[in-house]
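Welcome! Let us walk through this structure together, one region at a time.

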Amino acid sequence: MSDSPASITFEAETSIPTRHGVLRFRAYTDDADGQLHLAVISGEPENGAIVRVHSECLTGEAFGSLKCECGPQLDASLEAIGRDGGIVLYLRGHEGRGIGLLNKLRAYALQEQGLDTVDANLALGLPADSRAYTAAAQMLDDLHISRIRLLTNNPAKAEALEAHGITIEERVPLEVGREDANLAYLTTKVQRMGHIMSELPQLPGDDAAS
Ligand SMILES: Nc1nc2c(ncn2[C@@H]2O[C@H](COP(=O)(O)OP(=O)(O)OP(=O)(O)O)[C@@H](O)[C@H]2O)c(=O)[nH]1
Ligand SMILES: [Zn+2]
């Protein structure tokens, strides 16, 4: 993670008809690392708009993985902006909370041996979360948006955007995609990563205070 004043370069814009209405796709290169990010826009969003800052997750979004809730979160976000107007910032290079697809698959292999989502990253000698939000803030700036209602369960994401000058008017929960297969994963995010979620059922053998 770097606080350097990296910049983004606008590359292309096109409109695509989708299940969620016609969405405007604006592509930006992150000059810091060459990643291509997308701003997906519905309507004519202004300050106070609903915004989802979404980290790429190939397994969850393209393959229907039930280990995480990224796919349903992306769908619900697109549905929300399709209905009310708003923006989904789709951040590449955020895969695996910044460790990349290959290392995420390695982390999953360690999780098969009993490690949780945090310890699996650490066992690989990698940070639990190395995502930066500089490009996201700059994309919002390019869209003339400085105040947002942020769709997230992760207060650290809101704080990171605030640190880059974005005012979070409201954190809007995005609790979808709960499955038996990801209950332990969601519980770890609440207990170890500070995520806020309502009433997760107790796991068998989990004596932690609820
Ligand atoms: N390293 C690692 N990354 C994961 C794992 N499960 C999901 N991810 C990645 O985590 C990213 C999403 O981060 P999350 O911690 O699920 O959620 P968040 O973006 O911080 O918070 P929300 O805004 O509430 O979704 C995606 O890039 C996924 O690829 C895992 O077990 N290990
Ligand atoms: Zn995921």
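Is Cys70 buried or exposed? Cys70 is buried, because its relative accessible area is 13%, and buried here means under 20% relative accessible area, with exposed meaning over 50% and partly exposed in between (1.4 Å probe, protein chains only).

Before going further, a word on the ground rules. This is a predicted model, in which local features need pLDDT of at least 70 and side-chain atom pairs count only at pLDDT 80 or more, while totals for chains, interfaces and linings use all residues. Residues are numbered from 1 along each chain as its sequence is written, chains are lettered from A and ligands numbered from 1 in the order in which they are written, and side-chain values use heavy atoms, leaving out hydrogens and water.

Now back to Cys70. Together with Cys57 and Cys68, Cys70 coordinates the zinc ion (ligand 2) through SG atoms at 2.1 to 2.2 Å. Donors are N, O and S atoms within 2.8 Å of the metal (3.2 Å for Na, K and Ca), and sites may look incomplete because water is not among the atoms. Along the chain, these donors follow the spacing C-x10-C-x1-C. Helices (H or I, at least four residues) and strands (E, at least two) are DSSP runs, numbered from the N terminus. Cys57 is buried too, with a relative accessible area of 4%.

The largest nonpolar core has 23 residues, and Val53, Ile87, Leu89, Leu140, Ile148 and Leu161 have the most contacts inside it. Such a core is a set of buried Ala, Val, Leu, Ile, Met, Phe, Trp, Tyr and Cys residues joined through side-chain atoms within 4.5 Å. Its largest share, five residues, comes from H5. A second, separate core of 12 residues includes Leu23, Val40, Leu74 and Ile81.

Ile81 also leads us to Ser42, whose side chain reaches the backbone oxygen of Ile81 at 2.8 Å. Ser42 lies in strand E3 and counts as buried because its relative accessibility is 7%.

Finally, visit Gln35, in the loop between strand E2 (21-30) and E3. Gln35 counts as partly exposed, at 26% relative accessibility.

Conventions:
A polar contact is a pair of N or O atoms within 3.5 Å; within protein, one must be able to donate a hydrogen and the other to accept it, and residues adjacent in sequence count only if both atoms are side-chain atoms.
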